[in-house]
Amino acid sequence: SQLYAALPDYAGEISIAAKVSDGRCLTIENYLKKYKSPLLAYADLICSTSEKYGLDHRLLVAIAQQESNLCKTSHPEWFNCWGWGIHSRGTKTYTSFEEAIESVAKGIKENYCDKGLCDDPCLMMKKYTPKSNGSWCFGVNKFMEEMNEGFSS
């Protein structure tokens, strides 16, 4: 006796798609979510814009936390969570968070990183908020460290 088996024309395929998530972006997202920040919807943009300008992925978020409690205490129509351009001569305003994120990140790169001031918030403070008694760099450092300690998953 003989047995025959017909093979199907289509053997089938298994397709697996893996989504690679950048842990840095997840850190930002989780931090903004914990504090119920209006910036939560912009977590990926903050991450990609930080990457674009070579900034530490936590820096924009930490400054926003120090300056405006992650945008919760800034004027809602100004979109300026970073205290960027707020001084005795007036206040810098933006038309959207997208515009503000781009402008602030570019400004930090050009005015701080390109001058060697980005690696240490205490060096940044001398120019960013020269009248600070040290509380600005203390806060920014604290918030950056907090992002290291439990917001990556």
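Biologist: Are Tyr-112 and Tyr-128 buried or exposed?

Modeller: This is a predicted model: local features need pLDDT of at least 70, side-chain atom pairs count only at pLDDT 80 or more, and totals for chains, interfaces and linings use all residues. Residues are numbered from 1 along each chain as its sequence is written, and side-chain values use heavy atoms, with hydrogens and water left out. Buried stands for under 20% relative accessible area, exposed for over 50% and partly exposed for values in between (1.4 Å probe, protein chains only). On this scale Tyr-112 and Tyr-128 are both buried.

Biologist: How many aromatic pairs does the structure hold?

Modeller: Rings of Phe, Tyr and Trp (its six-membered ring) pair if their centres lie within 6.5 Å; planes under 30 degrees apart count as stacked, over 60 as edge-to-face and the rest as tilted. By that rule the number of aromatic pairs is 7.

Biologist: What is the geometry class of the pair Tyr-112 and Tyr-128?

Modeller: The ring centres of Tyr-112 and Tyr-128 are 5.8 Å apart, with 45 degrees between the planes. The pair links distant parts of the chain, 16 residues apart, with Tyr-112 in the loop between helix 4 (97-111) and helix 5 and Tyr-128 in helix 5. Helices (H or I, at least four residues) and strands (E, at least two) are DSSP runs, numbered from the N terminus. The class of the Tyr-112 and Tyr-128 pair is tilted.

Biologist: Which residue lies over the face of Tyr-112?

Modeller: A charge sits over a ring if NZ of Lys or CZ of Arg is within 6 Å of the ring centre and within 35 degrees of the ring normal. At 5.3 Å from the ring centre of Tyr-112, the residue is Lys-127.

Biologist: What is the volume of the largest pocket?

Modeller: On a 1 Å grid over the protein atoms alone, a pocket is an open set of points with protein on both sides within 12 Å along at least five of seven lines, a cavity is a set where a 1.4 Å probe fits but cannot get out, and lining residues have an atom within 4 Å of a point. Grid points are joined across faces, edges and corners, and a volume is the space filled by probe spheres set on the points. Among the lining residues of the largest pocket are Trp-84, Tyr-112, Lys-127 and Tyr-128. The volume of the largest pocket is about 270 Å³.

Biologist: Which helix gives the most to the lining of the largest cavity?

Modeller: The largest cavity holds about 30 Å³ of space. Its lining consists of Arg-24, Cys-47, Ser-50, Glu-51, Leu-55 and His-57. With 3 residues, the main contributor is helix 2.

Biologist: What is the relative accessible area of Gln-65?

Modeller: Gln-65 is placed in helix 3 (residues 59-68). Contact means heavy atoms within 4.5 Å, and Gln-65 touches Tyr-31, Tyr-35, Leu-70 and Phe-143, not counting residues up to four places away in sequence. Gln-65 is buried, and its relative accessible area is 7%.

Biologist: How far apart are the C-alpha atoms of Cys-137 and Met-125?

Modeller: Cys-137 lies in helix 6 (residues 135-148) and is buried at a relative accessible area of 8%. Leaving aside neighbours within four places in sequence, Cys-137 is in contact with Pro-121, Cys-122 and Met-125. Cys-137 and Met-125 are 12 residues apart along the chain, and their C-alpha separation is 6.0 Å.
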